[in-house]
There are 2 protein chains.
Amino acid sequence: MEAYSANHPYYPQDVEIAKYSPNVSPLAVLLGWFGSIIAIILGASLVLARRIRPRIQVFEQLTLCWFVLCGFLHCFFEGYFVLNHAELPGSQSLFAQLWKEYALSDSRYITSDPFMLCIEGITVFIWGPLCIAIAVCLVRGNDLRYPLQIVMCVGHLYGVALYYGTCYFEYHYHGNSHSRPEFLYYWVYYASFNFPWVVVPSLLLVQGIRTTWDIFRAFEDVRSVLLRLGDLHGTEPKKER
Amino acid sequence: MEAYSANHPYYPQDVEIAKYSPNVSPLAVLLGWFGSIIAIILGASLVLARRIRPRIQVFEQLTLCWFVLCGFLHCFFEGYFVLNHAELPGSQSLFAQLWKEYALSDSRYITSDPFMLCIEGITVFIWGPLCIAIAVCLVRGNDLRYPLQIVMCVGHLYGVALYYGTCYFEYHYHGNSHSRPEFLYYWVYYASFNFPWVVVPSLLLVQGIRTTWDIFRAFEDVRSVLLRLGDLHGTEPKKER
């Protein structure tokens with residue numbers, strides 16, 4: 001490991017991190033375990049979904065994978081952070097070592113930053129269960145999925161905007177960077193790893209709003225046809241809303 | 001005005017605020033102007049809405065007032081903050097004086113706090129125009145309002161949760177309070193003035209989700225009736241989705 005001037009490798013270099021101990025496991029091992037857990041969870045979800053709803057479309061399978069992935073990350077990986085943030089710097093569990101590695105790109109995860117605790121707390125207790133609820137609706141073919149999907153996508157987009165935004169403004173106005181400057185940490189960990197939460201929720205938000213609006217219009221069309229038919233036959237269908 | 005130990009009345013007392021000058025107008029005058037502007041905008045919106053859609057329901061008129069109020073506050077009052085935050089402490093315009101008064105309950109508004117700039121930037125450029133779009137949909141009877149209403153309510157709820165939450169965590173972990181301790185500032189300005197953004201979006205979110213889900217189910221009912229009719233007559237209606 002590279003030698004650092006402070007007693008820890010995080011930025012800003014003068015940030016205080018008590019009881020820090022470097023990771024003991026190689027990164028490849030950590031990523032191998034993490035990737036395997038995710039692959040097993042996604043694989044099991046897909047098998048279950050196809051058994052419950054054999055005609056589930058490919059796009060819906062991909063959407064399911066997204067919400068299951070988010071549900072796992074929010075409830076368990078980020079849940080671990082929220083429950084153990086104070087002990088992270090010295091801990092050597094799988095999740096703690098992964099957080100210490102990621103925190104090289106954002107030290108707020110290792111300093112109990114109030115904004116991070118707040119946004120992650122909401123993520124764990126609201127967004128995590130919501131992602132799982134959406135996945136369940138999706139497998140069951142329940143249309144409640146669409147309004148819930150809109151809710152979740154706004155949550156993800158707002159969250160990632162604030163995540164990137166607070167860093168930008170803090171750097172711009174106070175010159176503080178929470179990320180190590182190396183390409184790997186800034187561009188790969190910080191910028192790229194969070195970018196799917198810009199792209200996917202944008203697509204799913206548009207799909208959710210469009211599907212919802214389509215149904216409202218289709219319902220209005222059907223209602224006006226039925227009203228005209230009712231007029232022809234001298235009866236009037238009950239107004240639905 | 002009360003005498004303060006620092007050269008400004010804000011908390012925490014050691015926070016640095018350059019070029020601060022106390023408000024020159026009495027609070028009653030500031031509130032009178034602000035209240036009048038809001039009353040004129042809401043009154044004009046209601047008159048216009050009733051002219052365009054004479055049968056608009058009372059609940060929808062109240063919802064309209066909410067989104068017009070939010071649209072005005074986000075685009076103009078908070079827009080003023082985003083554009084002029086650096087000059088606020090020394091400025092004596094109506095909006096600057098109102099912000100200086102409000103900042104007694106949250107000094108982050110007078111210190112160019114990165115989180116505040118970030119969340120207010122999103123509020124001004126995304127949520128403000130969205131509130132106005134929802135108000136327009138509402139007056140026109142366009143059902144696009146419902147998915148947009150869900151989006152906006154999540155935005156408001158997430159925003160206010162982070163607004164309260166960051167303060168709570170900063171006080172809890174670092175002992176910093178951004179609010180003066182007096183009842184007026186903490187409980188009236190900080191706690192109460194923001195509380196409508198907990199209550200109203202919660203109600204409108206539930207209404208939005210419920211209405212959307214109802215329409216999906218009603219559409220499904222109508223579709224299955226039509227499919228059965230089609231079977232009886234030996235034709236099958238085209239599948240909508």
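Me: What counts as helix in this predicted model, and what does that give for residues 184–206 of chain A?
Reply: Helices are DSSP runs, H or I, of at least four residues. By that rule, residues 184–206 of chain A are 96% helix and 0% strand. The end C-alpha atoms lie 32 Å apart.

Me: What makes residues 184–206 of chain A a "transmembrane region"?
Reply: That name comes from UniProt, in an unreviewed entry. The annotation may be inferred rather than shown by experiment. The entry also places the feature at other stretches of chain A, including 27–49. Over residues 27–49 of chain A the model has 100% helix and 0% strand, with end C-alpha atoms 33 Å apart.

Me: Why are Cys137(A) and Cys167(B) called buried?
Reply: Buried means under 20% relative accessible area. Cys137(A) has 9%, so it counts as buried. Cys167(B) has 13%, so that residue counts as buried too.

Me: How do you know how the two copies are related?
Reply: A rotation of 180° superposes chain B on chain A, with 0.0 Å of shift along the axis and an RMSD of 0.0 Å. The copies are therefore related as by a two-fold rotation axis. Within chain B, Phe219(B) comes closest to the rotation axis, its C-alpha at 2.9 Å.

Me: What shows which surface the copies use to meet?
Reply: 100% of the interface residues of chain B are also interface residues in chain A, so the copies meet through the same surface.

How values were computed
Residues numbered from 1 in each chain as written. Chains lettered and ligands numbered in written order. Predicted model: local features only at pLDDT ≥ 70, side-chain atom pairs only at ≥ 80, totals over all residues. Heavy atoms only, no water. Buried < 20%, exposed > 50% of the residue type's maximum accessible area, 1.4 Å probe, protein only. Least-squares fit on C-alpha atoms with pLDDT ≥ 70 in both. Contact = heavy atoms within 4.5 Å. Helix = DSSP H or I, 4+ residues; strand = E, 2+ residues; numbered from the N terminus.
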